[in-house]
Structure formats: C-alpha cells, structure tokens
Amino acid sequence: MSNTYMINGDAAAFSPRLALDKVVFKGFNLWYGDNHVLKDIDIAIKSNVVTAFMGPSGCGKSTLLRSIDRMNDIIPSCKTEGDVYIDGRNIYEPDEDVYELRKTVGMVFQKPNPFPMSIYDNIAYGPRLHKMASGEGLDKIVEESLRGAVLWDEVKDRLQENAFGLSGGQQQRVCIARALSINPDIILMDEPCSALDPIATIKIEALMRELKDKYTVVLVTHNLQQAARVSEMTAFMYIGEIIEFGATSDVFENPQNELTENYITGRFG
Amino acid sequence: MKEAQKEKAVRGLLYVTVGLSIVILPIIVVWVIANGVGAISLGFLTGRPYRFEYGGIFPQIMGSIYLVSLCTLFGAPLGIASAIYLSEYASDNVVTRTVRFFTETLAGMPSIVIGLFGLEFLVYYLKLKTSLLAGAISLSFMMLPWTIRASEEAINVVPKEYREASLAMGATKWQTILRVVLPAAIPGIMTGVLLGMGKAIGETAVVWLTAGSGLEAFVPRTLKSPTGSLPMYIYLIATQGHTAEGLQNAFGASLVLLVMFLAMSVSALFIRNHYLRRLGS
Ligand SMILES: Nc1ncnc2c1ncn2[C@@H]1O[C@H](COP(=O)(O)OP(=O)(O)OP(=O)(O)O)[C@@H](O)[C@H]1O
Ligand SMILES: [Mg+2]
C-alpha cells in the first residue's frame, strides 16, 4: 500500500497537517473488567509521521496502542465500545479478520523479545507463517528486513546464530526487522528503548525517523526528549483520556492544558 | 554459654542427618554394583532364564524396554495434549480445577491400585490377557499425571512475550503453540517424560498384575504376549531363589535396571541443563 505523500519526502520540510488520516479512533472506550481504561478516545493518527503517546504510568498508553492491532483481544476481561478505523475500515466490526489485521500492523515491545531461535528464523517467522516465500525469496525478505532495521551489516555473517547472543539494542532491531518482514504499513512501538543503553537508543531513534518514510509509526514513550526528538505529532494522555493532541512542537512549546504543561515541565510523574 | 552449647548440639545433629541423607543413595548404588557386577556376562545379558534362577535375563531386559517404550507412546502424547489444553485453552473453572486436582493427587497414587484396575478392566474385562499391551497401558496411567504436570510446567515457563510477539505477527493461537510455545517447551517436556519413564521402568506392582509372570523365556512377539520385566524378575528371584547364584543374578538384574534408570535420569538432567543454557538464562 503506497502512500503518495512521503515517498521521497524530506522530513524537515514535511507538515503533518498534509498527511492522510491512517488510524482514526471514534468514541472508543475500553474496560478491563470494571476498570474503565480508555475513555471516549477520538484521535486521528496520520500516515507517514511518527505519533507519540505520552503520559504518566498507568494512564492507558499501551492499551491505546494495542487497540490498533486488537492485541487486547487476548485479555479475557477486555471489553470495548466504539470504533477504530484503519484506512477507513472499522477494525472492530464483528467480521474483521484479526489475523489479517495484525499482518498489516507490526508491533515492537518494551523488552526485546526475539524468539529462542536463530536470527534468520526470527525474521523468517512471519513470512513462513503466512507462506509469503521460501528458499531464495525468503533469504531476500530476511535481508531486506534486516537492512530496514539497519542491522544487516552487523549480523550478515552470523544469521544462523541464536538471537540471544546479540546485544540488547541488536535484539530490539531484530524485533523491528521481524515486524518489517511481513510488510506492514503501521508500526507500533511500546517504549522500545526503555530497556536499552543511550547508544542503542540513539540508533533506534534514528531508525524510527527513517521508518516513517515507508510506514506509519506510533510510539509510546516515557521519555519527553525522545518524543521531542522523533515525533511530529504528540498525544498527551491522563487517566484514560487524551488531554491534548497536536504537532509535537506545539504541545511542547505551547501546551493548551494545565495538566500537559505540568507533565512537560516535570511537575508530576 | 549453655545456649551456645545447645546451638552446637543442634548443628552437630543437623550435620549428621544431612550427611546420612546425602550418602545413603550412593551407598545403595555402590552396594548394588559390588554385588551385581559378578553376575554380568555376555551369557547373562543375552541368555534366557531356565530352572527359575539360572541363565540370563535377555527377555526381561527387552520386556522392560518394550513396556516402557509402549507406555511412553501412549502416555506422552496424551499427557502433552492434556497439558496444552489445560494451560493454553481451558479457562479457570470448576472442571479444569477438578482435572488439575486429580492430576496433582493422582501423581504418586499407590501403584498397586492402578495395577488392580489394569487387571480387572484391561486384562479381564477387555480381555487383553496379562500382556505387553495391558502392562503398557496400565503403566501409562501411572505416568500420565507426571507427564501432564511436567508439560504444563514447561509450557507455563515459556515467557508470554514470545506468545505476544507471535500473535502480533498475525499467528493464530494454535500456530503460536505449534511454532513457538512447544519448541521452547519441548526440552522441559522431555525432561518430564524421561523422569516418568524412569518411574515406569522400575515399577513392579503394575507389571506384576498386568504384564506377565516375570520369568518369561521369550521376548514378547505380539502385543498380547505375556511380558517379563526386570523388576518382576528381581522380586521373584530375590524372594524365592535358593542358591547363591540366584541371589547374584538378582543383583545382576538390579544393576542392569539401575543402569537403564540412570540413563534416563542423566538424559533428563542433560536436556534440562542444555536447554537452560540455550534459553540464555
Ligand atoms: N492485562 C490487564 N488486565 C487488567 N488490567 C490491565 C491490564 N493491562 C493493563 N491494565 C490496567 O489498565 C490501565 C492502563 O494500563 P496501560 O498498561 O495501558 O498503561 P500505560 O500508560 O501503558 O502505563 P505504563 O507507562 O506503566 O506502561 C492500568 O490501570 C492497568 O492496571
Ligand atoms: Mg505501557
């Protein structure tokens, strides 16, 4: 699915206001049992930009992120109300095929979680699962995915080694490559750097800025500087609600809501 | 001063008890080796028993191997499938809690009771006769709870992060179990199965009632053949043998049984350690 806006885009000259709405939440509510975790969420996430979700711990950032590929379905006590549209299609319709949906949405988790397999098998997992390729075709997907995650040069001679032998930052890039392998158009990242050292973090952040050329990237982060460095759009969440959403520079320099301002200036946490 | 002396006495006592419990098993092993090694010869290992306590134990060795293999063939897949169901599919309700309660209490159920059930139900009612098949099925009843427990444990320690990663790639639950959970759990499952096999190979009461008289002169040819086994042989010769040679043969058979048992335990241990290293933890 190609996007006309950012194919050869120059990120600096790019205005998020021009991008398409890729993921749209409309009156979306979510409960875990009796715990009302997401309240009347209305937000439009644009294609080919990095959108950051910020907010204090427990405010529902991860839950909101996981609503985009319906990963919350796994939790038995989870109930939802309202709609989420991807490219205009409501993914909470009863006849939605969640497995197809999750193929088009890649996910990267907080803790690097490669499978206990070789680097190659980690990346080949999705393509094999969905019978996308085999033999040389599969080799090519593995290479392209690893290149996409800027890891190819570091691991090309050790593809058959166990992924656990890699450093934390490399493992996280394996996970990113794994997410890229099935050709998604949206990439969700839930605090992907919080388990990494500063140098690995810089690499992943650079990668995020690159990824948005091809993908829509949604990022959960606790790190204000990170949100400022990599995202074009920022949503500030507080106890299940989106308090403020706008261009990152606006949210940081000119917050409209007192809660946002307090958070950004570090007055609560 | 008095309290200090008491403390010393308690320590001393603990040292003695710990020492005893540590040395008792090696002592038994050494004792079996010392008494049994004289019986071991090619003729003993490849011959068949005659005139009760003379001759070799080849049919008994093969009988034990057949019984345990067949028992594993029945017990392991059933146990693993039950564990998958219990840990991955069953919700926590009265039924699953009951099943779990039974598997936990039935592990270690007096084996004579299982033997009696095998005798009445398999041997008489289903007319399997005292045979390889009846013995193996009865042994698998004994092995089942252990396999279920070990497999469930092995499946439960597979980090949920792997499952999430797989599901997020668009895999179904079953695909995730097959491609991620089971491969990661298989060493743990195998450890459990091998330990269960170790229990089965040493089991006497069950094979006594369901498999055969113990001194069979032939390796079983069909599933319905009566099947001798090492524990039964040892029991009979040790309690009813008359000569020094008979007693030595009982020790020789014990030594063989011990070696087979240790082979299983050591493989279980090896797999467990190897697996932990591979998981990187
Ligand atoms: N599996 C679950 N079952 C029940 N409640 C949950 C579950 N996961 C999260 N919650 C609850 O939902 C609320 C939002 O959690 P969520 O993980 O989305 O917060 P978060 O903003 O990502 O927090 P953090 O910054 O700590 O990661 C919390 O109150 C949490 O306790
Ligand atoms: Mg979170």
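Chain B and chain A bury about 1,900 Å² between them, and 65% of that is on carbon and sulfur atoms. Buried area here is the accessible area (1.4 Å probe) that two parts lose on being put together, summed over both. Keep in mind that this is a predicted model, where local features need pLDDT of at least 70, side-chain atom pairs count only at pLDDT 80 or more, and totals for chains, interfaces and linings use all residues. Residues are numbered from 1 along each chain as its sequence is written, chains are lettered from A in the order in which they are written, and side-chain values use heavy atoms, with hydrogens and water left out.

**Where the chains meet**

- B:Ala168, B:Met169 and B:Arg179 supply 35% of the area that chain B buries against chain A, more than any other three residues.
- On the chain B side, 19 residues join the contact (heavy atoms within 4.5 Å), and chain A brings 26 residues.
- You'll find 4 residue pairs in polar contact between chain B and chain A, both residues at pLDDT 80 or more. A polar contact is a pair of N or O atoms within 3.5 Å; within protein, one must be able to donate a hydrogen and the other to accept it, and residues adjacent in sequence count only if both atoms are side-chain atoms.
- Helix 7 (160-168) of chain B gives the most to the side that touches chain A, with 7 residues. Helices (H or I, at least four residues) are DSSP runs, numbered from the N terminus.

**The salt bridge across the interface**

- The rule finds 1 salt bridge between chain B and chain A. To count, a side-chain nitrogen of Lys or Arg has to be within 4 Å of a carboxyl oxygen of Asp or Glu.
- A:Arg66 and B:Glu164 make a salt bridge through their side chains, at 2.9 Å from N to O.

**Salt bridges inside the chains**

- Over all chains, the structure holds 20 salt bridges.
- In chain B, the side chains of B:Arg100 and B:Glu152 meet at 2.8 Å, N to O. This pair links distant parts of the chain, helix 4 (residues 94-106) and helix 6 (residues 132-156), with the two residues 52 apart.
- B:Asp92 pairs with B:Arg97, the closest N and O atoms being 3.5 Å apart.
- A:Lys22, A:Asp87 and A:Asp185 are joined in a network of salt bridges.
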